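Good morning. Please have the sequence and the model open while I talk, and stop me if you lose the place.

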Amino acid sequence: MKTESSARQVMTISDIAARVSELAPKLLEGLAPDDLAIVLKAATLRRFPAHSIIAREGHSADEMFLILAGRARTFTTTRRGEKVLLLRIPAGDGSGGRALLARPTEYLLSTEALTNCSALAWSRSSILPLTKRYPILLENGLMIASDYLSAYRDLHVAASYDTASQRIAQVLAKLSREVGHRGFGGTVINISNEELANEANVTIFTVSRMLGEWQRKGLLVKRRGQVVVRSPEELVRIEA
């Protein structure tokens, strides 16, 4: 395992192994302990300050990343220079999967650290030989891509058939299960109005209005950068 001096202040090598075991990332599923150790040894521990760019759209896809601590997100930029937010990347998820491809290509999206992040980074020259030695890495990568397609399918169907309030409620329920943590008053989700609007495919104004309405009804509490949902199931049921 290679480390950078700035990253060493965040996590030791033993911390990394323990964290990977705790997160059980999909990318590394199915690897025997000895094989996992070899794959981890080929990575470099990197640290990214909040709001810094981890990978940039259109640049050579020469590294793959696995977030160990913190949160990131992907986005694309329109011809007018507008940022369009796409996917959240919690700890345990990866970015830069195009580095797994045998044919050199470019990053399809940009990846940005939302908070201070620690990540494992594999250079393309180190990860490609590993995919040949351990084909399960490519299988896992394909399954992750399939999960993204499934999420896009669900979003497209919801945008066509569900109301704005239903979509927001469904996103909050999904995030409660996936990244929420128990706190005082309910399930705490670290998310901004902008992120929630993007994931539900609605405007920020609509998110603000619905959160305010649900807060008055006692279904949730809105804080700066957080939403505390008292009962995700009840919220979805009310908006069904």
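**From one turn to the whole chain**

The mean pLDDT of the protein chain is 89, with 95% of its residues at 70 or more. Confidence is lowest in helix α1, residues 5-8, where the mean is 42. Where pLDDT is low, the predicted coordinates should not be read in detail. At the other end of the scale is strand β3, residues 53-55, with a mean of 97.

Back to α7, which covers residues 193-200. Which of its residues are buried? They are E195, L196, A197, E199 and A200. What do these buried residues pack against? The partners are strands β5 (72-77) and β6 (83-89), along with helices α5, α6 (164-178) and α8 (204-216).

A24, in the loop between α2 and α3, has a phi of about 45° and is not a glycine. H51 is also a residue other than glycine, and its phi is near 75°.

H51 sits in the loop between β2 and β3. Is H51 buried or exposed? H51 is exposed, because its relative accessible area is 59% and the cut-off for exposed is over 50%. In that loop we also find S52. A polar atom of the S52 side chain lies 2.6 Å from the backbone oxygen of P49. Further along the sequence, S52 touches T111, E112 and A113, leaving out residues up to four places away.

Now step back into strand β2, residues 44-48, and look at L45. L45 has a relative accessible area of 0%, so this residue counts as buried.

Next, the cores. The largest nonpolar core has 22 residues, and those touching the most other members are L28, V39, L120, W122, L130 and L137. Which elements each supply at least two residues of this core? They are α2 (13-23), α3 (33-41), β4 (63-69), β9 (117-123), α4 (124-133) and α5 (136-161). Strand β4 gives the largest share, three residues. Take L130 as one case: not counting residues up to four places away in sequence, L130 touches I38, V39, A42, W122 and L137. Apart from this core lies another, of 20 residues, including L175, I189, V207 and W214.

Last, the chain as a whole. How many helices and strands does the protein chain have? There are nine helices and 13 strands. The radius of gyration is 19 Å, close to the 18 Å that the globule rule gives for 240 residues, so the chain is as compact as a globular protein of that length. Along the principal axes, the C-alpha atoms fill a box of roughly 55 × 40 × 30 Å. Of the 240 residues, 40% are buried. Among contacts between residues at least 6 apart in sequence, 70% join residues at least 24 apart. The accessible surface comes to about 13,000 Å², and 54% of that surface belongs to carbon and sulfur atoms.

That is the end of the tour. Questions, please.

Conventions:
Residues numbered from 1 in each chain as written. Predicted model: local features only at pLDDT ≥ 70, side-chain atom pairs only at ≥ 80, totals over all residues. Heavy atoms only, no water. pLDDT = per-residue confidence, 0-100. Helix = DSSP H or I, 4+ residues; strand = E, 2+ residues; numbered from the N terminus. Buried < 20%, exposed > 50% of the residue type's maximum accessible area, 1.4 Å probe, protein only. Polar contact = N/O pair within 3.5 Å; in protein donor to acceptor, adjacent residues only side chain to side chain. Contact = heavy atoms within 4.5 Å. Core = buried A, V, L, I, M, F, W, Y, C linked by side-chain atoms within 4.5 Å. Rg over C-alpha atoms; globule rule 2.2 N^0.38 Å. Areas by Shrake-Rupley, 256 points an atom, 1.4 Å probe, with all protein chains shown as cover.
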